[in-house]
Amino acid sequence: MNKQEVFDKLNEVFRDVFDDEDITVTENTTASDIEDWDSLEHINLIVAVERSFGIKFTMGETTGLKNVGEMADKILEHLG
Amino acid sequence: MQELEYPFDADLIIRKKKALKRRLLEREGVNYITKKIAILGGSTTNDIKLMLELFLLNNGIKPEFYESEYNKYYEDAMFGNEELDAFAPDICFIHTTTRNILEYPGVQMTGKQIDALLTETYSKFEACWKALSGRYSCTVIQNNFEMPYYRLLGNSDSTDPRGRLNFINRLNLMFAEYANANETFFINDINYISAEYGIKKWADPSDWYRYKYALSVVCIPDFAYNLARIIKAIYGKNKKAFALDMDNTLWGGIVGDDGPENIKIGHEDAESELFTEFQQYIKAHKDLGVLLTVASKNDEENALAGLARPDSTLKQDDFLVIKANWDNKDRNIAQTAKELNIGSDSFVFVDDNPAERALVSNQVPGISVPEVGAPETYIETLDRSGFFEVTHLSGDDIKRGDMYKANIERSKSSQSFENYDDYLKSLDMHAQIKPFAPMYMSRIAELTNKSNQFNLTTKRCSQAEIENIAQDPRYITRYGKLEDKFGDNGVVAVMFGHEEDSTEGVIFHIDLWLMSCRVLKRGMEYAMMDEVIAECKKRGISKIKGYYYPTAKNKMVKDFYAAQGYELLREDANGNAEWGLDLALEHVSGNTAIEVN
């Protein structure tokens, strides 16, 4: 899977989790760009991302993510 | 909604929970009941609330929630707070897990010290339950404890009193004893469902340390489904009957083609044994009060020949209705529902054929049609679905099949009478009409939540509320139990109301009046009214007021008070009506055939 494919899939997950078809995530998207993305919703988002890519972030990885770009990089690392 | 029926895709539910909620609320024609649920957590509960909401909405229950602050279950339960008091919960759910056990036995402790620790740990919980039900008259649901995810003493952890597992098992037994002794207290058995899910996955410590979820976020849908089963059962949303296909459902093979001697049932080979276990599972439901019926595409003769095999666990006699013909199954189920006088939405249809399932599920609104899969997953799917979740197992449940059988005989015998009154007299009916009594409280509460048609005000009550009303001297309560020559119908009628002082003297307001449809047109409502009037006169009451609030389902009782000789006092544009009966006037009883008390 290349980075673009990761972003395509991430986009689907974000749209489902926030129930908003208008969301398009980019490298620089952060929680402040999406209205419902609070700390509780973040948990669901991480779980949904993990399950749809079939990966599991380590505890350290999920706490330090700065934006969606970093999330995509971590996903690519896990997918190896 | 299929996405929320077992076996569901938990990942999909987590990911699409917002869209699912939207779609649930967009459904038309759902008569929701609203219930207030306080979640008192010992860990994070946000997703538990969201998932529980989905499964309750799917069962026709619209929840309102109160959520305690993080890990404030003990403080909220013991002392309440303004917000919780104002919320006035119908249900308090205490979400605690092994993470909330503050002290476990140490390996240096003596048996005596461990016993003391056990009592201390247990007492803290019991105090919470008592405080909650005392303060709010609510139902309490409490998690028991899941097994710990590591075993310091290895295999001895379960046997040695110093082991955590041993300690938890003992606590769980004490919780169970309390549940058995208290009818408005229920255990959410996470000990079982965590094991079923896999303790290793359930107790993922990373979700605990990151988010303070005491169970892994991915298993919250399973957890919430199990919890919703209890709540919907308390509020009368269980199913009542099985409609069962036969060929490749109750036995292997097709009896019409293969012949009864060649179908797979009994103990001769693996497939036969598999179907035998399934038949045993179905038959065991009879004792829970679940009604068994057949909807099979077959010549009746062949269907009965299948059941007549000596090694068939299920016999013809186990079924109240057998529809074995070539009509469409949705029609057969509708007909069966009519004969049993229950809604077709209270059936669970079991069929191995996906085309039949699709047809029935599309044609019969509200019916449950589980995706049962291959024969080896039939039991698992039905069992995990929890269609018939048991909250209380009463004598009535155990006899229910007989009652319905008696009803079918009654309706046959009524056809041989020309005069309906003669028929009623021939039934030899005896009623017991008395104030609410402890042994019937759960049945009474169940009826207030289940009865829709013969129900004047559709007031829903928890058992705790019923118990309070029964003790209040300003209330008059009556249950009616009816027996006839075909059998005992159990408690079938419920009435309660309250006195009010006024310038015209004491007025009695009827808050609730309902009757089970299984005793329609027997005169039971008149026998009840006679008793209510007699009690009112004894108390020096001068006037009775009755109310009719129309719903989508209770049209049949629109003229109930008119038939009882009441006078219409007022009626608004929506049909809400108030009726009055002056007790100074002569009242003519409508009861002709029931002998009372």
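Biologist: In which sense do strand β10 (residues 429-434) and β11(B) of chain B pair?

Modeller: The coordinates come from a predicted model. In it, five bridges link β10(B) with β11(B). One residue of this region, B:K434, stands opposite B:Y479 in β11(B). The sense in which β10(B) and β11(B) pair is antiparallel.

Biologist: Which residue of β12(B) is the bridge partner of B:Y479?

Modeller: Strand β12 (residues 487-502) of chain B runs antiparallel to β11(B), and nine bridges join them. A hairpin through two residues connects β11(B) to β12(B). B:Y479 stands opposite B:K434, and its bridge partner in β12(B) is B:V494.

Biologist: Is strand β11 (residues 475-484) of chain B largely enclosed or largely open?

Modeller: β11(B) pairs with β10(B) over five bridges, and nine bridges join β11(B) to β12(B). Of the 10 residues in β11(B), seven are buried, so the rest of the structure leaves this strand largely enclosed.

Biologist: At what angle do helix α20 (residues 441-450) and helix α21 (residues 463-471) of chain B pack?

Modeller: α20(B) passes α21(B) in a right-handed crossing. The contact uses B:M441, B:S442, B:I444 and B:A445 of α20(B), together with B:Q463, B:I466 and B:E467 of α21(B). By class, these residues are four nonpolar, two polar and one charged. The axes of α20(B) and α21(B) lie 9 Å apart, and the angle is about 115°.

Biologist: Which helix gives the most to the side of chain B that touches chain A?

Modeller: The contact takes 15 residues from chain B and 13 residues from chain A. On chain B, α1 (10-15), α2 (17-26), α3 (46-58) and α10 (205-211) each supply at least two residues. The side of chain B that touches chain A holds six nonpolar, two polar and seven charged residues. With four residues, the helix that gives the most is α10(B).

Biologist: How does chain B compare with the globule rule, and what is its radius of gyration?

Modeller: Chain B has 23 helices and 17 strands. For its 597 residues the globule rule gives 25 Å, and the value for the chain is close to that, so chain B is as compact as a globular protein of that length. Among the contacts of chain B with a separation of 6 or more, 71% come from residues 24 or more positions apart. The radius of gyration of chain B is 27 Å.

Methods. Residues are numbered from 1 along each chain as its sequence is written. Chains are lettered from A and ligands numbered from 1 in the order in which they are written. This is a predicted model: local features need pLDDT of at least 70, side-chain atom pairs count only at pLDDT 80 or more; totals for chains, interfaces and linings use all residues. The radius of gyration is taken over C-alpha atoms; the globule rule is 2.2 Å times the number of residues to the power 0.38. Two residues are in contact if their C-beta atoms, placed from the backbone, lie within 7 Å. Ala, Val, Leu, Ile, Met, Phe, Trp, Tyr, Cys and Pro count as nonpolar, Asp, Glu, Lys and Arg as charged, and the others, Gly among them, as polar. A residue is buried if 20 or more other C-beta atoms lie within 10 Å of its own, exposed if 12 or fewer, and partly exposed in between; C-beta atoms are placed from the backbone. Two strands pair if DSSP finds at least two bridges between them. Axes are lines fitted to C-alpha atoms, for helices over the stretch in contact, and angles run from 0 to 180 degrees between N-to-C directions. A crossing is left-handed if the near helix is turned anticlockwise from the far one by less than a right angle, and right-handed if clockwise.
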